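Biologist: I am new to this structure and would like to learn how to read it. Could you walk me through it?

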Amino acid sequence: MLCDLKQRGFYRGVNLGGWMSQCDYSPERLDGFITEADFEQIARWGFDHVRIPIDYNVIQCEDGSMKEEGLARIDRALALCERYGLHTVLDLHKTQGFSFDAGEHEAGFFESAAYQEKFYAIWECFARRWGEKAGSVMFELLNEVTEKAYLPAWKRISREAVRRIRAFAPEVDVLLGSYNWNSARTLGELDAPYDDHVLYNFHFYEPHDFTHQGAYWEAPYRDVSARYTYAESGASETYFESFLAPALEKAEKEGCTLYCGEYGVIDIVPPEEAVKWFRDLHKVFERHGIGRSLWSYKQMDFGLADARMDGVRDELLRLV
């Protein structure tokens with residue numbers, strides 16, 4: 001389904017990374033990292049939605065039963081979104097047996113029927129609890145499938161997940177991404193959408209050597225010592241247009257809307273250089289009506305609200 005995400009209120013978003021995911025899961029973190037004041041600030045900055053990454057252990061026990069305390073936290077977040085006129089993407093950032101981050105030591109999801117049933121249970125629960133909010137809430141099935149080898153299983157699993165969601169939420173929009181950490185270049189390998197309420201989703205951090213220069217978590221896998229200016233990175237508006245071409249072609253072929261669930265530049269890059277990247281990328285997003293959610297609101301090595309962005313934030317907010 002082709003839809004106008006600007007009109008729908010899922011066009012200019014920001015991620016609340018590190019709140020219910022990629023954290024120590026302490027009550028202090030879950031209760032204090034993001035507060036009502038943050039939702040108010042996000043709305044004041046002109047965003048129309050937030051993406052909330054959620055790790056399964058916040059909302060689900062190891063036996064697959066759901067944690068009411070965790071679900072109630074999401075209830076409160078949705079109430080704050082409504083209070084400040086924000087829509088919401090609920091993103092399952094980690095499920096039992098799989099995480100995009102190898103350091104999480106989750107394994108076996110794509111081979112295990114038991115893990116997959118726990119995954120379906122999460123989405124059936126979300127659909128029952130929030131499916132009636134179809135105009136203001138989207139579901140993102142799973143953050144960043146990594147390996148191509150997982151794709152056949154992922155196609156089957158994602159289709160079954162949507163089928164089960166539809167039993168309780170026939171009209172809620174579902175975001176579906178491909179492998180290689182949700183690359184735009186692998187979207188073409190997905191099947192046609194299950195129905196008219198499935199949107200194609202990708203994440204964008206290209207050129208990776210620019211946006212992730214100095215990323216300490218990648219040091220075991222690649223050299224992160226090099227530093228690049230935007231001009232040295234090889235990026236440009238033309239580069240972005242070319243990189244996104246396969247995703248745009250797939251979306252046009254299937255009559256499906258595109259959404260970018262994450263994009264950003266690491267805090268090691270000087271803010272003035274980061275703004276150059278955002279400026280050119282947003283020209284392409286605007287040209288094609290691509291809704292998006294910036295990574296990330298604060299901290300998490302990419303924070304928009306961090307003090308280092310004070311000198312360029314107003315300009316960046318005009319771009320996004």
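This is a predicted model: local features need pLDDT of at least 70, side-chain atom pairs count only at pLDDT 80 or more; totals for chains, interfaces and linings use all residues.

Biologist: What is the volume of the largest pocket, and how should I read it?

Modeller: Rolling a probe the size of a water molecule over the atoms shows where empty space is left. On a 1 Å grid over the protein atoms alone, a cavity is a set of points where a 1.4 Å probe fits but cannot get out; a pocket is an open set with protein on both sides within 12 Å along at least five of seven lines, and lining residues have an atom within 4 Å of a point. Grid points are joined across faces, edges and corners, and a volume is the space filled by probe spheres set on the points. Here the largest pocket has a volume of about 1200 Å³.

Biologist: Which residues lie nearest the centre of the largest pocket?

Modeller: They are Phe-100, Glu-144, Trp-181, Trp-217 and Glu-218, out of 41 lining residues. Strand E4 (98-99), helix H8 (179-182) and strand E7 (198-204) are the elements that give two or more residues to this lining. Such elements are DSSP runs numbered from the N terminus: helices are H or I with at least four residues, and strands are E with at least two. The lining of the largest pocket has 18 nonpolar, 13 polar and 10 charged residues. In that count, Ala, Val, Leu, Ile, Met, Phe, Trp, Tyr, Cys and Pro are nonpolar, Asp, Glu, Lys and Arg are charged, and the others, Gly among them, are polar.

Biologist: Which residues are closest to the centre of the second largest pocket?

Modeller: That pocket holds about 220 Å³ of space. Leu-2, Leu-248, Cys-256, Leu-258 and His-288 are the closest to its centre, among 15 lining residues. Helix H1 (5-8) and helix H11 (237-254) each give two or more residues to the lining, and H11 gives the most, with four.

Biologist: How many cavities of 30 Å³ or more are there?

Modeller: The count comes to two. The largest cavity has about 100 Å³ of space, and helix H7 (residues 151-166) gives the most to its lining, with four residues. Its lining includes Leu-141, Lys-155, Arg-159 and Tyr-194; by class there are seven nonpolar, one polar and three charged residues. The second largest cavity has a volume of about 80 Å³. Among the residues lining that second cavity are Phe-278, Trp-295, Phe-302 and Met-309, and the whole lining has nine nonpolar, two polar and one charged residues.

Biologist: At what angle do helices H5 and H6 cross?

Modeller: Two packed helices are described by the angle between their axes and the distance between the axes. The axes of H5 (residues 68-83) and H6 (residues 113-130) come within 12 Å and cross at roughly 45°. That makes H5 oblique to H6. Axes are lines fitted to C-alpha atoms, for helices over the stretch in contact, and angles run from 0 to 180 degrees between N-to-C directions. Angles under 35 degrees count as roughly parallel, over 145 as roughly antiparallel, 65 to 115 as roughly perpendicular and the rest as oblique. Leu-71 and Leu-78 are among the H5 residues that meet H6, whose partners include Phe-126 and Trp-130; contact means heavy atoms within 4.5 Å.

Biologist: How far apart are the axes of H11 and H12?

Modeller: They are 9 Å apart, and H11 packs with H12 (residues 271-288) at an angle of about 40°. H11 and H12 are therefore oblique to each other. The contact includes Phe-240 and Leu-244 of H11 and Trp-277 and Leu-281 of H12.

Biologist: Where are the cis peptide bonds?

Modeller: Most residues other than glycine have a negative phi, and most peptide bonds are trans. Another joins Trp-295 and Ser-296, with omega about 0°. As for phi, Tyr-25 has a positive value of about 60° although it is not a glycine; Tyr-25 lies in the loop between strand E1 (12-15) and helix H2 (27-32).

Technical notes
Residues are numbered from 1 along each chain as its sequence is written. Side-chain values use heavy atoms; hydrogens and water are left out.
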